[in-house]
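Here is a short tour for a first look. Keep the structure open as you read.

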Amino acid sequence: MTNPCIICVAITGSLPTKDNNPAVPISISEQIESTQEAFEAGASIAHCHVRDDAGKPTADPERYARLKEGLETHCPGMIIQLSTGGRSGAGRERGAMLNLSPDMASISVGSTNFPARVYENAPDLVDWLAAEMIVHDVKPEVEAFDLSHILKAKEMFGKGQIKTTPYVQFVMGVKNAMPVDRDVFDYYIHTVHRLFGADAPWCAAGIGPNQIVLNDWAISSGGHARTGLEDNVRLDRDTLAPSNAALVQRTVEICEKYERPVASWAEAREILGLRKIV
C-alpha cells in the first residue's frame with residue numbers, strides 16, 4: 001500500500017484520570033505538551049476534550065479556545081478536532097465551541113448504549129450541531145457506533161446537512177454498543193464505499209485493549225487510525241502507556257508493518273479536503 005495513513009490522537013477524553021494513568025493530560029498546558037509530543041511522533045489530528053479545574057469534563061468554550069490557540073502555536077499545521085460528545089455537557093452547550101472554527105469536530109448522529117447510560121443524540125440536536133458546523137466551516141467526523149449511523153450520515157449528506165463527503169469513524173469495543181467483530185468491520189467498510197464512493201476516507205477506533213486490534217485492521221485495510229489515552233491507557237495488560245506519543249509510535253510501527261507511509265499534516269488536510277495552511 002502507498003496511500004498515507006492519517007493518525008488521530010485522542011489525547012484526554014472525558015473519563016480517564018490520573019488515577020488510571022498519571023500520563024493522562026488534564027490541564028490545558030499538559031494537553032498542549034502531550035499533543036506536541038504526539039504530533040512529533042506522527043499524529044496529524046488531535047481529537048480534543050477539555051476538563052474543568054476539578055478535572056471533570058466540560059464544554060467550556062474559553063478552555064477550548066486556550067487549547068486551540070496553544071496547539072496552533074506548538075503544533076503548526078496539525079488538524080484540530082474538538083469533541084461535541086455527550087459527557088461534556090447537555091444539549092446545545094455541547095457545541096458551544098464550534099464558533100471557534102476548528103478544522104474538525106466530532107458528531108454522533110444517533111443514540112447508543114454505553115456501559116451505564118444511554119449516549120443520547122436526539123435528532124434536533126444532531127441537526128443543530130450539523131448546521132453549526134456548516135456556519136463555522138467545520139468538517140464533521142461522524143462517530144459511528146452502529147451501522148445505522150453510517151446510513152444516517154448518507155441521509156444528512158443527501159440533504160446538504162453535511163457539505164462534503166462524510167468522514168466516518170467506526171467505534172468498536174464500547175461495552176453494550178458494537179463489539180469488535182471483523183465481519184461487521186468489513187461490512188462497515190463496504191457500506192462506506194457503497195454509499196460515498198470507493199475513494200471515501202474512513203477511520204476506526206478501538207476501546208481499551210481493542211485499540212491495537214482496530215489500529216491493525218484499519219491500517220491493513222487502507223483506512224485511517226485513531227489512538228490515544230482517551231480510549232486506552234495501556235500498552236498491554238501489565239504496562240501503562242507512558243504518553244500519548246508512545247501510543248502514536250505504536251501505530252506508526254503498524255503502518256511500517258503494512259508498508260503504509262504516515263500522513264503528514266499537509267497530506268492529511270488534502271485527503272480530508274480541509275483548508276490549507278499557508
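## The barrel

Two strands count as paired if DSSP finds at least two bridges between them. By that rule, strand β1 (residues 7-10) pairs with strand β12 (residues 224-227), in the parallel sense and over three bridges. Cys8 has Arg226 of β12 as its bridge partner. The model shown is predicted.

Which strands make up the closed barrel? There are eight, in the order β1-β2-β5-β6-β9-β10-β11-β12, and the pairing is parallel. From one strand to the next, the twist averages 25 degrees.

## Strand β5 and its neighbours

Strand β5 covers residues 79-82. Strand β2 (residues 45-48) pairs with β5 in the parallel sense, over four bridges. His47 has Gln81 of β5 as its bridge partner. β5 also pairs with strand β6 (residues 104-107), again in the parallel sense, over two bridges. Here the bridge partner of Leu82 is Ala105 in β6.

Are the faces of β5 covered or open? Both are covered. Ile79 and Gln81 are buried on one side. Ile80 and Leu82 are buried on the other.

## The nonpolar cores

In soluble globular proteins, nonpolar side chains tend to be buried together. The largest nonpolar core in this model has 60 residues. Ile150, Phe170 and Phe185 have the most contacts inside that core. Leaving aside residues up to four places away in sequence, Phe185 touches Phe170, Met172, Trp202, Ala204, Leu214, Trp217, Ala218 and Ser221.

A second core is separate and has eleven residues. Among them are Ile6, Ile45, Ala268 and Leu274.

## Helices packed on α7

Two packed helices are described by the angle between their axes and the distance between the axes. Take helix α1 (residues 28-41) and helix α7 (residues 244-257) to begin with. Their axes come within 8 Å and cross at roughly 15 degrees. Angles under 35 degrees count as roughly parallel, so α1 and α7 are roughly parallel to each other. The crossing of α1 and α7 is right-handed. On the α1 side, Ser34, Glu37, Ala38 and Ala41 make the contact. On the α7 side, the contact is made by Asn244, Ala245, Val248, Gln249 and Val252.

Helix α6 (residues 210-220) also packs with α7, at an angle of about 35 degrees. The axes of α6 and α7 are 10 Å apart. This crossing, too, is right-handed. From α6, the contact uses Gln211, Ile212, Asn215, Asp216 and Ile219. From α7, it uses Leu247, Arg250, Thr251, Ile254, Cys255 and Lys257.

## Loops to look at

Pro22 lies in the loop between β1 and α1. Is Pro22 buried or exposed? Its relative accessible area is 58%. Exposed means over 50%, so Pro22 is exposed. The C-alpha atoms of Pro22 and Val233 are separated by 9.5 Å, with the two residues 211 apart along the chain.

Asn176 has a positive phi of about 80 degrees, although it is not a glycine. Asn176 sits in the loop between β10 (167-172) and α5 (182-196). Asn176 is partly exposed, with a relative accessible area of 46%. Glu259 is not a glycine either, yet has a positive phi of about 55 degrees. Glu259 is found in the loop between α7 and α8 (265-272). Glu259 is exposed, at a relative accessible area of 63%.

Terms used
Residues are numbered from 1 along each chain as its sequence is written. This is a predicted model: local features need pLDDT of at least 70, side-chain atom pairs count only at pLDDT 80 or more; totals for chains, interfaces and linings use all residues. Side-chain values use heavy atoms; hydrogens and water are left out. A nonpolar core is a set of buried Ala, Val, Leu, Ile, Met, Phe, Trp, Tyr and Cys residues joined through side-chain atoms within 4.5 Å. Buried means under 20% relative accessible area, exposed over 50%, partly exposed in between (1.4 Å probe, protein chains only). Contact means heavy atoms within 4.5 Å. Axes are lines fitted to C-alpha atoms, for helices over the stretch in contact, and angles run from 0 to 180 degrees between N-to-C directions. Angles under 35 degrees count as roughly parallel, over 145 as roughly antiparallel, 65 to 115 as roughly perpendicular and the rest as oblique. A crossing is left-handed if the near helix is turned anticlockwise from the far one by less than a right angle, and right-handed if clockwise.
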